[in-house]
Each structure stands twice: as C-alpha cells, then as structure tokens.
Amino acid sequence: MTTTFQLNGESCRFDGDPMTPLIDLLRRDRFMTGTKAVCREGFCGACIVHVESEPVPACLRPVGLLEGLSVTTIEGASQFDAEAQRLQAAFERVDAVQCGMCFPGMVMSLSEFLRENSRADRDAVKHAMVGNICRCTGYERIVDAVMECLAEGEHAGGADV
C-alpha cells in the first residue's frame, strides 16, 4: 500500500505495510533520528511529532493513517517553527538539556502548549508535561525554560492577543 503525506513541508511517499509505526519510517527510512524511540508504548513522549499541528506519539501512529496529512518532526520544527526555536534556545539558556532523550519530545509537546497558553502558570506547564518523561528528572529546569518563554511573550505583547 502506498501512503503519501507531507513530512516537514515536503512530499513523502511510503510503499509498505500501512501498520508500520511512523517512528520506524522516520528513523530507519528517513534517517531522522531526532525523534527518539524509547518506550514504543506511547507513554514516555520521546517520539512526539506534530500531525496536523497536534502532538502525537510517532510510535503509536501507523503510517497508513497519514494519507494526505502534514507531519512535522523535531528536525522540521527546528527549521520552521519559531515557537520551537524559542523553546530550544530557552532550554539551552537554563541548561535544561541533560542526556537529550526527552528533549525533542518535550520541545514538540511544549511548543504547541506555548502557542495555545500564553498566560500559563507553573502548574499548567507541569500539567502540560504529563506524558513526557525525563529520565534525568530535570523537570524544574524544563519548567523554568517554558516560564522564560512565557515571560518573553508577555514582554513582547504576545500575552495580550
């Protein structure tokens, strides 16, 4: 079966088993290793990608369900998503990245959260992180990075939109 969809803004054609998990296509066939295959059960969040701008675990998304849809990985978000870029810079400034396994999934989950929650507080950020596990337990620095982005948005006038 052939499935065609947009991958980071470019047409992607997959000829194979429609039940192939998206994570396998990304890492094995497209060499996009930013999306991490950790639990393969959808609870760690390391493989989060955006499908039609919604964060979804790539390990649970069969390629056959992507026909005609748009998929963005951490590689695409790093190039084309200003919110993801801002969040990545904040992670670096507050030294939030430790081993790096959770980092791509955190950026993908939290960049969408930032777009939709410009006035979030610390508790809301922590709630948004449910489903993203950091093995290094660096959660407070990750929350600090998100809060820094939110504060930047307020100073730039983004919170009044």
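Q: What do β1 and β2 form, and how many residues are between them?
A: In this predicted model, β1 and β2 form a hairpin with 2 residues between them, and N8, which sits in the turn, has a positive phi of about 55 degrees.

Q: And in which sense do those two strands pair?
A: β1, which covers residues 2-7, and β2, which covers residues 10-15, pair in the antiparallel sense over 6 bridges.

Q: Which residue of β2 does Q6 stand opposite?
A: Q6 stands opposite S11 in β2, and Q6 itself belongs to the uncovered face of β1, together with T2 and T4.

Q: Then which residues make up the covered face of β1?
A: The covered face of β1 consists of T3, F5 and L7, and L7 has a bridge partner in β5, namely V71.

Q: So how does β1 pair with β5, in the parallel or the antiparallel sense?
A: β1 pairs with β5, a strand of residues 70-72, in the parallel sense, and there are 2 bridges between them.

Q: Switching to helices: at what angle do α3 and α4 pack?
A: Helix α3 (residues 82-93) and helix α4 (residues 103-116) pack at an angle of about 125 degrees, with their axes 9 Å apart, and the two helices are therefore oblique to each other.

Q: Is that crossing left-handed or right-handed, and which residues make the contact?
A: The crossing of α3 and α4 is right-handed. On the α3 side the contact is made by E83, A84, L87, Q88 and F91, while α4 contributes residues including F103, M106, V107 and L110.

Q: How many of the contact residues are nonpolar, polar or charged?
A: By class, the contact of α3 with α4 has 8 nonpolar, 2 polar and 2 charged residues.

Notes: Residues are numbered from 1 along each chain as its sequence is written. This is a predicted model: local features need pLDDT of at least 70, side-chain atom pairs count only at pLDDT 80 or more; totals for chains, interfaces and linings use all residues. Side-chain values use heavy atoms; hydrogens and water are left out. Buried means under 20% relative accessible area, exposed over 50%, partly exposed in between (1.4 Å probe, protein chains only). Helices (H or I, at least four residues) and strands (E, at least two) are DSSP runs, numbered from the N terminus. Two strands pair if DSSP finds at least two bridges between them. Axes are lines fitted to C-alpha atoms, for helices over the stretch in contact, and angles run from 0 to 180 degrees between N-to-C directions. Angles under 35 degrees count as roughly parallel, over 145 as roughly antiparallel, 65 to 115 as roughly perpendicular and the rest as oblique. A crossing is left-handed if the near helix is turned anticlockwise from the far one by less than a right angle, and right-handed if clockwise. Contact means heavy atoms within 4.5 Å. Ala, Val, Leu, Ile, Met, Phe, Trp, Tyr, Cys and Pro count as nonpolar, Asp, Glu, Lys and Arg as charged, and the others, Gly among them, as polar.
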